[in-house]
Amino acid sequence: MRLRPSTSHWGAFSAGLDENGHLQVAAHPEDPAPSPLLGNLPSALTDPNRIAAPAIRRGWLERGPGPDPKRGHEDFVEVSWDEALDLLSAELRRVRADHGNEAIYGGSYGWASAGRFHHAQSQLHRFLNAFGGFTSSRNTYSNGTSSVVLPHIVGTANDVLRNGSSWPTIVANTELLVAFGGVPEKNVFVTPGGVTRHHTPGFLAQLADRDVEVALISPLRADLPQRLAARWYPIRPATDTALMLALAHTLAAEGLHDRHFLDRYCTGYDAFERYLFGADDGTVKDAAWASALTGISGADIVDLAKRMATHRTFITVTWSLQRIEHGEQPVWAAIALAAMLGQIGLPGGGFGHGYGSMGDSGDIGPNFQVPYLSQGINPVKQFIPVARIADMLLNPGTRYQYDGTERTYPDIRLVYWAGGNPFHHHQDLNRLRNAFARPDTVVVHEPFWTATARHADIVLPTTTALEREDFGSGRRDTHLVAMHRIAEPCGQARDDYAILAGLAARLGIEERFTEGRTAREWLEHLYGTWRQRLAGKGIFVPSFEEFWEEGGFRLPNMETDRTLWADFRADPIANRLATPSGRIEIVSEKVASFGYDDCPGHPAWLEPVEWSGGERAARFPLVLIANQPHTRLHGQLDGGAVSQAAKVAGREAVRLHPDDAGRRGISDGDVVRIFNDRGACLAGALLCTDLRPGVAQLPTGAWFDPAGSLCVHGNPNVLTADVPSSRLSQGCTGQHVLVEIERFAGEPPGIVVNRPPVISRTREV
Ligand SMILES: Nc1nc2c(c(=O)[nH]1)N[C@H]1C(S)=C(S)[C@@H](COP(=O)(O)OP(=O)(O)OC[C@H]3O[C@@H](n4cnc5c(=O)[nH]c(N)nc54)[C@H](O)[C@@H]3O)O[C@H]1N2
Ligand SMILES: Nc1nc2c(c(=O)[nH]1)N[C@H]1C(S)=C(S)[C@@H](COP(=O)(O)OP(=O)(O)OC[C@H]3O[C@@H](n4cnc5c(=O)[nH]c(N)nc54)[C@H](O)[C@@H]3O)O[C@H]1N2
Ligand SMILES: [Mo]
């Protein structure tokens, strides 16, 4: 058996088919900490949910395009590739002629698979741009709140999200790590595009060896590796801002804040201090006040503030903290707190965001631009903040606020998705189903019968990365990996590129889209021009043939420990920040001028609307944390061995505190029903004391398996609210939701999403 190289979002590997046709996978030899998720890969080729042939929803085929509540409830008819592409190209022409390019929504958010050329979104956007453009999406579900608010606070999102302090600097200098959301090791194996060497688990081990003091602030103990001797503060979810304000209040009240730093590098501190002392609203944001909200004792808060002031302290906030209502506030409050400590720009001090959220945060790999496919230019300027998809489809023509501007939702007639799964990633899936009934046509390219494919009209089967040639490299990756074809395409699956090239030929834009190249010729071309550009800078990399033969190579090291923050500290005039004041804006006059009560001009405690009045909390007293799964990437390869091994009673596992379970008569291994007024799902109970009582945890990614408004498999997005973080950023708020849980009495309905939907080979019923 010959093993061939490839890579995935969770790391590089080599793989081959054994004599029985089973995929055997070996981690990259240079990876010090290979991801357990590699164990899901064999299912990519064998999952019964692989789409075998192009398929069209019967109602669309028989009645033609148009809004249809039957979407997601009807059988499919298999058609030939020619018929599928003829019908789709005619429909694209119709929508463009009757409604204009703006009526095509091609945001197509999602992670697709690793590989730079066959990146599904790049391919789709390039195609749609050649066709005259499309309504696009901005920002991410990952950090869509931070990416809007950070430029107002520090003038840049990128330098916070991508170029913060490196782990080696933290390991060598930090004395106290205050980790809001912890540093969940489960998440660090993942980086978009994948990394070949997973360094972060090693850095976490070094933190333990150096006895760095860690304050773990999270409802879940598992958010920090056990080997780190941490002090665990089991905070009530969504109250971190209150804790941060009380820490800030303690510093101010005790005179422990760095006046010099605040004067020289920041603006607005005095107004913020008035807020901390309750000068205008009469509420002093002290430790006693925060204790009632957070569930952390006042003495612990005062003690932590004092230790922060007397140690080299690094404050980190995982991205999950901003994936909630008012998610701007914990990010802004943490920066204000770090500013009061005066250690921003010092080695091992200051503020970090996303440590433990993604593998590249704090990694030391080279920051290297590898070859990629140009998407061209989108002539259509219409866009939505990405998490407003259902609002857009349900409310065409409606006005909404975004980052200080008023915008209007377009009237979408055709939705085109390649490489993403909104029925995984979006909130309130029962509402999303209604939204997906609105357009005339929904097109999905997928290898698998995901819930999104099942809610489409035209379903086009695509290859996985294992079935094609490509090259791959993630952010901060040490290697460029040659991705060889490891298996033949499943069924009639085609590459996204081949599908779009077929459409482009029918639409008269083939030359613009393909430039006359095959996929293999594109790889050689992109690599070749990149290699030439590098040579011009005196950097020499192997020829394409050598690269391909060797399976990859180590990228030249561009490692640097310089951060924007150190430069700013050294000279805040020459290196002024890109904010209106040039400084860190503890108060932003600009944000204040927008007049948003859900995002005022400085960090503030705002109660989640979901809780307000206490009425919902009385009916649904548990806070469900819907975080990232440790057994897979989102919904990908949910049928894989690692994902399946962790299911309880055949469903996604929900973690519950034994006190909460006992009160409800729930035992370990029971099937439970998790519900609120938006929907309900079944899950398998897993009792554990490592989480705060009153909190339950159900990760995202179990495939949506609807029976009415009930998901029988355990997808938390039937429960989450489709509300934005605020009018400022319109970010995703899927991380938390209020629920009640009960033991499921009787025989639970079986899982059916592990099999394809009903498909006919002929049009006759
Ligand atoms: N409740 C709640 N919801 C959340 C979150 C949360 O914290 N809580 N987190 C959010 C976050 S941060 C994110 S990033 C999103 C993730 O949401 P998504 O990125 O949409 O989730 P994935 O399951 O990775 O979807 C990628 C899809 O692409 C398909 N695919 C893979 N390779 C190819 C290819 O080559 N071509 C094509 N056409 N398709 C391919 C896969 O089969 C898969 O179905 O979820 C969000 N949703
Ligand atoms: N294995 C695996 N790794 C992944 C992914 C995956 O699907 N699988 N997805 C990747 C993607 S796309 C992204 S964007 C990142 C996401 O990175 P994050 O958003 O940081 O990841 P989560 O696991 O959703 O949340 C991290 C932790 O925050 C804690 N938390 C939740 N709410 C609160 C709160 O109110 N206060 C405090 N203090 N803590 C809270 C939870 O206990 C949770 O485990 O992960 C990436 N890594
Ligand atoms: Mo994400």
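1. The structure is a predicted model, in which local features need pLDDT of at least 70 and side-chain atom pairs count only at pLDDT 80 or more, while totals for chains, interfaces and linings use all residues. Residues are numbered from 1 along each chain as its sequence is written, chains are lettered from A and ligands numbered from 1 in the order in which they are written, and side-chain values use heavy atoms, with hydrogens and water left out.

2. The chain has 27 helices and 32 strands, these being DSSP runs numbered from the N terminus (helices are H or I with at least four residues, strands are E with at least two). Its radius of gyration is 26 Å, close to the 27 Å that the globule rule gives for 765 residues, so the chain is as compact as a globular protein of that length; the radius is taken over C-alpha atoms, and the rule is 2.2 Å times the number of residues to the power 0.38. Along the principal axes, the C-alpha atoms fill a box of roughly 75 × 70 × 55 Å. Of the 765 residues, 63% are buried (buried means under 20% relative accessible area, exposed over 50%, and partly exposed in between, with a 1.4 Å probe and protein chains only).

3. Around ligand 1 there are 35 residues, of which His 425, Glu 446, Asp 496, Gln 636 and Asn 717 come nearest (a residue counts as near if one of its heavy atoms lies within 4 Å). Polar side-chain atoms of Arg 468 and of Gln 636 each lie 2.8 Å from an oxygen atom of ligand 1. Taken alone, ligand 1 exposes 920 Å², and the protein buries 98% of that (accessible areas come from the Shrake-Rupley method with a 1.4 Å probe). Domain 1 (55–141 + 377–469 + 491–516) and domain 3 (609–743) both give residues to this shell, so ligand 1 lies between them; the domain bounds come from an automatic or database domain assignment.

4. Ligand 2 is surrounded by 32 residues, and the closest are Lys 186, Asp 223, Asp 240, Ser 320 and Ser 357. A polar side-chain atom of Ser 357 lies 2.7 Å from an oxygen atom of ligand 2, and a backbone N or O atom of Pro 629 lies 2.9 Å from a nitrogen atom of the ligand. The protein covers 99% of the 920 Å² of accessible area that ligand 2 has on its own. Domain 2 (144–357 + 562–593) and domain 3 (609–743) each supply at least three residues to the shell around ligand 2.

5. Helix H5 (residues 146–154) is mostly covered, since seven of its nine residues are buried, among them Val 148, Leu 150 and Ile 153. Just after H5, Gly 155 takes a positive phi of about 80°.

6. Most residues other than glycine have a negative phi. Arg 476, however, has a positive phi near 65°; Arg 476 is found in the loop between strand S20 (470–472) and strand S21 (479–483), and at 15% relative accessibility it counts as buried. Ala 649, with a positive phi near 55°, lies in the loop between helix H26 (641–645) and strand S25 (653–656), and Ala 649 is partly exposed, with a relative accessible area of 43%.

Definitions and conventions. A polar contact is a pair of N or O atoms within 3.5 Å; within protein, one must be able to donate a hydrogen and the other to accept it, and residues adjacent in sequence count only if both atoms are side-chain atoms.
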